[in-house]
Amino acid sequence: MNLFKHEINVASPQTMVKITKYVREDLKKSGVASGIAVIFCPHTTAGITINENADPDVQRDLLYGYEKVFPTQDGNYRHFEGNSHAHMKSSAMGASATVIVEEGKLILGTWQDIYFCEYDGPRYRKFYVKIVEG
């Protein structure tokens, strides 16, 4: 079975955690040489994305931009848990990413990594990786 579950402890209220190493380890364990890897987040206040890994200011700027569009504090939010901003950020980011696998390797650009995006931390989170041969 090529389904892998990962659990991470996210200490910050809003952050992007690089998870590419987990996906690469899963791919190696799967033995799949050609196919796809699907990375899925089962949380409504977090997401998955692929973005630049060379300059950490890119992650900071992404979080800053989402905060401007979906501010943490807004007197018009009605959701009783007080995390409406996190639900909106999660919906905009998306809950999954798909990466092509060829010759046993993830096809990512030179400056790309896979990130778990937390918008309602700190929290204990999980994500799944499904490796599909084909």
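## Buried residues and aromatic pairs

User: Tyr66 is buried, and Tyr119 is buried as well. Why is Tyr66 called buried?

Analyst: This is a predicted model, in which local features need pLDDT of at least 70 and side-chain atom pairs pLDDT 80 or more, while totals for chains, interfaces and linings use all residues. Residues are numbered from 1 along each chain as its sequence is written, and side-chain values use heavy atoms, without hydrogens and water. Buried means under 20% relative accessible area, exposed over 50%, and partly exposed in between (1.4 Å probe, protein chains only). Tyr66 has a relative accessibility of 18% and therefore counts as buried.

User: What makes the pair of Tyr66 and Tyr119 edge-to-face?

Analyst: A search of the whole structure finds 4 aromatic pairs. One of them joins Tyr66 and Phe70, with 6.2 Å centre to centre and 45 degrees between the planes. Rings of Phe, Tyr and Trp (its six-membered ring) pair if their centres lie within 6.5 Å; planes under 30 degrees apart count as stacked, over 60 as edge-to-face and the rest as tilted. The pair of Tyr66 and Phe70 is accordingly tilted. For Tyr66 and Tyr119, the centres are 6.0 Å apart and the planes stand at 80 degrees, so this pair is edge-to-face.

User: Why is the pair of Tyr66 and Tyr119 said to tie together parts of the chain?

Analyst: Tyr66 belongs to helix α2, whereas Tyr119 is in the loop between β7 and β8 (123–133), so the pair links parts 53 residues apart in sequence. Helices (H or I, at least four residues) and strands (E, at least two) are DSSP runs, numbered from the N terminus.

User: How do you know that the buried residues of α1 are on the same side?

Analyst: The buried residues of helix α1 (residues 20–30) are Thr20, Val23, Asp26, Leu27 and Ser30. They cover an arc of only 125 degrees around the axis, which places them on the same side of α1. The arc is that of the directions from the helix axis to the C-beta atoms. On the other side of α1, Lys21, Lys28 and Lys29 are exposed.

User: Why is Ser84 called buried, and with which residues is Ser84 in contact?

Analyst: Ser84 lies in helix α3 (residues 84–93). Its relative accessible area is 12%, so Ser84 is buried. Contact means heavy atoms within 4.5 Å. Leaving aside neighbours within four places in sequence, Ser84 is in contact with Tyr77 and His79.
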